[in-house]
Amino acid sequence: MRIAEVHPQPDWVLSIVAEDGRVGLFDVTPYLEFEAFEELRDHAEFVKVSNGEYFIEWECGADLSADTIEARWKVVGEDAAKVSAN
């Protein structure tokens, strides 16, 4: 999967649009117990997520691969603009 867009939401959830138009939600909460994600417990840090297309990352160095996201996200729809472009 290639990530087209990532948008932080309340409650440590990411709204993600894949390049193929699928839209899903990824809950980061289970990862917050790990040391690498510790700084993300501060929501002000969590919202500083950036898109690397095949991964997402935060300023603190925490990252998640697109494969991990795709394996555990909940697909909630499709982005019509992205689907029609493919």
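This is a short chat about the fold of one predicted protein model.

User: What am I looking at, and how are residues numbered?
Analyst: A predicted model: local features need pLDDT of at least 70, side-chain atom pairs count only at pLDDT 80 or more, and totals for chains, interfaces and linings use all residues. Numbering starts from 1 along each chain as its sequence is written, and side-chain values use heavy atoms, leaving out hydrogens and water.

User: How many helices and strands?
Analyst: Three helices and seven strands. These are DSSP runs, numbered from the N terminus: H or I of at least four residues for helices, E of at least two for strands.

User: In what pattern along the sequence?
Analyst: β-β-β-α-β-β-β-α-β-α.

User: Which strands pair with β3?
Analyst: Strand β2 (residues 13–18) joins β3 (residues 22–27) through five bridges, antiparallel. Strand β7 (residues 74–78) joins β3 through four bridges, also antiparallel. Pairing takes at least two DSSP bridges between two strands.

User: What about the turn between β2 and β3?
Analyst: The two strands form a hairpin with three residues between them. Gly21 in that turn has a positive phi of about 100°.

User: Switching topic. What is the strand order in the open sheet?
Analyst: β4-β5-β6, with antiparallel pairing. The edge strands are β4 (50–51) and β6 (63–65).

User: And which residue in β5 is the bridge partner of Ser50?
Analyst: Glu57.

User: How much of the chain is buried?
Analyst: 31% of the 86 residues. Buried means under 20% relative accessible area, with a 1.4 Å probe and protein chains only.

Notes
Buried means under 20% relative accessible area, exposed over 50%, partly exposed in between (1.4 Å probe, protein chains only).
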